[in-house]
Amino acid sequence: GGTIGILGAGQLGRMLALVARRMGYRVAVFGGDRSCPAGQVCDQIWPGNYDDEDSLREFAAASDVVTYEFENIPSKAAAFIADLVPLRPGAALLNAAQNRFAEKTALTGIGLPTAGFRMVHSATELADARRDFGGNVILKANTDGYDGKGQWSIGPDTDLKKLWPDTGLPEAIVEQRVDFEFELSVVAGRFDDGTVRAFAPLLNHHENHILDVSILGSPKVTPKIGARAEEMARAVLEHFDVVGVLCIELFLTSGGDLVVNEIAPRPHNSGHLTIEAHNCSQFELQLRAACGLPATDLVPRFPAAAMANLLGQHLPEAWMSWNPEGFSAKECHLHLYGKPDRRPNRKMGHITALDTAGDAAEQAVRALRTQLR
Ligand code: ATP
Ligand code: MG
Ligand code: MG
């Protein structure tokens, strides 16, 4: 028994809540209402007023352990809760993951490579950074960004005198643009006795800075790359003394090196395929770790899997046109998050296919998604 408290009411909270219920836990959510993806499937919910100490206190009192499904929780509220009830993963990881500069500083501090980065406060500083980083950079809001929001791609010819005031930001982080072969991610969990369990790395394709397709079992992720990526995830888990799940997003550079893009201090969109592809999903891993349960081995059910995101523009009547018959994939699954309104680039659901090869699984999810349009 017991109640899992979740900060945040989006689709990650929903999928976590559904697993928590299957495991026999009750679920308290902070950060929305009954129409939110997690609000629809929890036992109790508080609106997202992180300044209201009374409701934070009530939420903490209702929860035996608290975890979070998004990183942009005010750190004051997180600290307030952590004083009352175990917060897993803890505040150290959360604080680093919500500030790109702090995050990259911590990563380089433990010897993990990142793209070159620097804070800027003006068009002139931005121009200097662009010059120093070789002409191609990405400007990012230092806090609160997700799904590529608050990011500007800058090339040698971009008019920075115009762009800087357009951002409306007092300061921002500039990153060197990494010339990558592909992107990958590692979802991993750490238990309170220090045991680490990692899923095999996923290969990720982005469209417009938003995750589009993830693949498990791609031959491009060689055993050597995979082992190095998992080692990096372990280093981050240990550095922040994490109890819970996180994801590291990585670039494989054209020179064959792994560079960390960012840390998500929670289950990750790329890990959604673990729901069907493994004996234990990323959400179950998070719950097991957060609740102090024994570590479980992560066993793939199929050699390969792929996931395609469904954004607002992708699905008119998904279940009406969902027809995996005729596809050779071993299993195909459609997930919808119950979001009340459909907007372009809003994550509404995803498709997972399980197969014997990564390419085949990828083709299946792409074709199934096309069929829904
Ligand atoms: P989310 O948290 O939803 O993953 P985000 O808004 O925090 O997204 P990032 O992960 O920083 O954004 O960037 C989104 C994508 O933009 C990356 O996955 C990558 O495709 C591209 N990108 C970001 N930074 C760089 C970089 N320094 N060099 C090359 N590509 C980059
Ligand atoms: Mg991010
Ligand atoms: Mg990212």
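Colleague: Why is helix H10 largely enclosed by the rest of the structure?

Modeller: Keep in mind that this is a predicted model, where local features need pLDDT of at least 70, side-chain atom pairs count only at pLDDT 80 or more, and totals for chains, interfaces and linings use all residues. Residues are numbered from 1 along each chain as written, with chains lettered from A and ligands numbered from 1 in written order. A residue is buried if 20 or more other C-beta atoms, placed from the backbone, lie within 10 Å of its own; helices are DSSP runs of H or I, at least four residues, numbered from the N terminus. H10 spans residues 282-290 and is largely enclosed because its buried residues number 9 of the 9.

Colleague: Which residue with positive phi follows H10?

Modeller: H10 runs through buried residues including Phe283, Leu287 and Ala290. After the helix comes a phi near 70 degrees, and that belongs to Gly292.

Colleague: What radius of gyration does the chain have?

Modeller: The C-alpha trace spans about 55 × 55 × 40 Å along its principal axes. For 373 residues, a compact globule would come out near 21 Å, by the rule of 2.2 Å times the number of residues to the power 0.38, over C-alpha atoms. The chain agrees with that, at 20 Å.

Colleague: Which residues come nearest to ligand 1?

Modeller: Near here means a C-beta atom, placed from the backbone, within 6 Å of the molecule. There are 16 residues around ligand 1, and the shell draws at least three from each of domain 2 (116-176) and domain 3 (180-372), with bounds from an automatic or database domain assignment. The nearest are Ala115, Glu175, Val178, His206 and His209.

Note on methods
A residue is buried if 20 or more other C-beta atoms lie within 10 Å of its own, exposed if 12 or fewer, and partly exposed in between; C-beta atoms are placed from the backbone. Helices (H or I, at least four residues) and strands (E, at least two) are DSSP runs, numbered from the N terminus.
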